[in-house]
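Thanks for coming. I have one structure to show, and I will take a few parts of it in turn.

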Amino acid sequence: MADGLRVEAATLARLLGEWTGSAPALPHALAGSIGELLTVGVLADRAVLPSQRVLAAALGVSRGTVAEAYDILRANEQLLTRRGAGSQLRRPRPLTGTSSPSDGRLASFTGHGSSAVDLSSGALPGLPMVHEAIARLDLGAELGTDGYHPAGLPRLRAAIAAQHTADGLPTDAGQILVTNGSQQAVWLLAHTIVDPGDEVVVEEPTYRGALEAFRSGGASLLAVPVRDDGLDPHLLDRHLTRHRPRLVYCQPAAHNPTGITLSSGARRALADVLDRHGVLTVEDTSSADLVLDGRGRRTALAHLLPADRTLSVGTTSKLLWGGLRIGWLRGDPALVARLTEAKKAIDLGAAVIDQLLAADLLSRTAEARERRRATLLDRLARTEEILRGRRPGWTWRTPAGGTGLWIDAGEDTLALAERARRHDVLLAAGPAFSAFNGFGHHLRLPFWHPAERLLEALDRLDR
């Protein structure tokens, strides 16, 4: 958040996380948590806090609780309130840096106590085949090397290229850069390809990790709505006519968070718009392995667009296991080489053991996809059945892929998530997936959990 800008209530609610347990009384807990965010630089010096009424509504507490918390911050000389200027945070020695602080969209990826029912993440548990691959792991000749492969283990790059080729997109190993998960891939793009102030087109809503990465890189976001059939190509065409964005980031298959998968016609229409404007396109295929309609993996946009204007993001984390931190970028070799040099400043390569496991497991991609699809379809049907009975006021569109339902709860989901947190139920409210903290009545709810876990969460909320 830039210096002096107003902090939206949705952003502050995400950043605060599980703030209620930090002190015996709520006002002291709230003041302490805001003060800590200021101290570590997550909240900027001179940032303007939400009004007492708005923040109280977002957190599901009384206005008096927020008023007392603000009084405590003022007493600690961490807050200055002036007529017409609002309540402005103050830090005696502000931290400096070129990147924007986090806005808390990834707050759910911080680990939680065993008592919490975590419905905030769509990440799946590992497949049994991951355990089998670990059991037969053989480091072999790799122990005779230094273990540093900045662009990725050659064997793994070849395996990823072979999988792309098998999926209909001819690829060679020189087009692949291995990353520590797809999140690092998107972060690299946001801090290497994009300069501060550059415009980036994103879907609305979209993957919250991408929003976090582009915001932290200083990008200015242009949002194009996602309709029932996917990203609106006419509005995208209008954006690209009026602006010169650095890149377009999209998820045509198993879109996160809506689960929408573009038809072949919609995919072609999207590619035509992108090609006509000559814009660099980043297709995030992280969830594309989890398409549920039985028609298999979709043709990549990269197959429909010029090779030098297309980058693809992929990962093993969605299909195989989130703990296997292997992602990748596929693109023009010259661009891959540039990104590899940038990646060296972060690390000297992903863990060799993880890369060897991924190379082994990619040979069983078809089996893994079918296993995931069978399990997810079963869990999806059961989750929808439970919600229709227990939450008849909630509405959603059955997803064509992914692991979550994009639900219109018909109420303020920020306040709902705060109430749920106090009953040890963790939810992901819609504003986390919006470039502008929209979708305040929406909720992304994972459907892969066993029925008893969802029922336990609903029971806690009902109590």
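I will go through a helix, a loop residue and a strand.

This is a predicted model, in which local features need pLDDT of at least 70 and side-chain atom pairs count only at pLDDT 80 or more, while totals for chains, interfaces and linings use all residues. Residues are numbered from 1 along each chain as its sequence is written, and side-chain values use heavy atoms, with hydrogens and water left out.

Helices (H or I, at least four residues) and strands (E, at least two) are DSSP runs, numbered from the N terminus. Helix H4 covers residues 63-75. Its buried residues (under 20% relative accessible area, 1.4 Å probe, protein chains only) include Val 66, Tyr 70 and Leu 73. The buried residues of H4 pack against helices H2 and H3 and strands S1 and S2, with contact meaning heavy atoms within 4.5 Å. Just after H4, Glu 77 has a positive phi of about 60 degrees.

Next, the loop between strands S9 and S10, where Ser 287 lies. Ser 287 counts as buried because its relative accessibility is 11%. Leaving aside neighbours within four places in sequence, Ser 287 contacts Ala 253, Ala 254 and Lys 318.

Last, strand S14, residues 425-429: five of its five residues are buried, so the strand is largely enclosed by the rest of the structure. Val 425, Leu 427 and Ala 429 are on one side, Leu 426 and Ala 428 on the other. In a regular strand, side chains alternate between the two faces of the sheet.

What does S14 pair with? Strands pair if DSSP finds at least two bridges between them. S3 runs parallel to S14, with three bridges, and Val 117 stands opposite Val 425. S15 runs antiparallel to S14, with two bridges, and Leu 443 in S15 faces Ala 429.

How values were computed
Expected span 1.5 Å × (residues − 1). Buried < 20%, exposed > 50% of the residue type's maximum accessible area, 1.4 Å probe, protein only.
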